[in-house]
Amino acid sequence: MLPKQHTDKSDLIDRKIMSILEENGRASFVEIAKTVGLSQTPCAERIKRLERKGYIEGYTARLNPGLIDRGFTTFIQVTFTDSTNKTFQTFSDHILDIPEVIECHMVAGMFDCLLKVCVSNMDEFRQVLLEKISEIPGIAQTNSFAVIEDIKTRGRFIIP
């Protein structure tokens with residue numbers, strides 16, 4: 001399913017607010033208001049509006065995968081047996097139930113989906129691949145790519 005798109009434009013202050021929150025989701029209304037040149041109440045109202053309209057989807061903590069025993073990352077290319085909605089829906093239903101899959105993207109090109117899997121080690125990855133992912137009906141082939149080193153993992157959007 002494609003993400004909800006908005007056609008209305010945010011103004012320069014809204015974009016500054018989003019940029020600040022993307023950098024630091026714990027920034028206070030006071031800090032943000034001071035940075036964008038507003039008083040606290042109008043700033044808070046803008047943030048609430050951005051949340052309501054879906055520009056801000058939520059706030060989370062970024063965890064260190066290595067410190068929580070999830071430092072072994074692998075990307076998996078998945079090719080389906082066919083390109084029907086039923087195959088994709090079956091795959092989607094199953095993949096949502098696999099907690100080790102932290103991202104799943106339907107893509108155009110040489111394969112159908114790209115998965116990001118984070119586990120503790122190669123043995124756990126093998127188990128997830130063979131016992132969970134490969135058992136999903138409609139998968140013709142998978143190709144796995146173990147990450148050797150993370151160079152950039154937490155990019156930020158460039159907000160024009």
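Guide: What follows describes the core and then turns to the cysteines. This is a predicted model, in which local features need pLDDT of at least 70 and side-chain atom pairs count only at pLDDT 80 or more, while totals for chains, interfaces and linings use all residues. Residues are numbered from 1 along each chain as its sequence is written, and side-chain values use heavy atoms, leaving out hydrogens and water.

A nonpolar core is a set of buried Ala, Val, Leu, Ile, Met, Phe, Trp, Tyr and Cys residues joined through side-chain atoms within 4.5 Å; buried means under 20% relative accessible area, computed with a 1.4 Å probe on protein chains only. The largest such core has 19 residues, and Ile 76, Val 78, Phe 91, Ile 95, Leu 115, Val 117 and Ile 133 have the most contacts inside it. At least two of its residues come from each of strand S1 (72-80), helix H4 (85-95), strand S3 (113-119) and helix H5 (122-133); helices (H or I, at least four residues) and strands (E, at least two) are DSSP runs, numbered from the N terminus. Leaving aside residues up to four places away in sequence, Ile 76 touches, among others, Cys 113, Leu 115, Phe 125 and Ile 133, where contact means heavy atoms within 4.5 Å. A second, separate core of eleven residues includes Ile 17, Leu 21, Ile 32 and Leu 50.

Cys 113 is itself buried, with a relative accessible area of 0%. Its sulfur lies 4.4 Å from the closest cysteine sulfur, in Cys 104, and is therefore too far for a bond. The structure holds zero disulfides, a disulfide being a pair of cysteine sulfur atoms within 2.5 Å.

Definitions and conventions: Buried means under 20% relative accessible area, exposed over 50%, partly exposed in between (1.4 Å probe, protein chains only).
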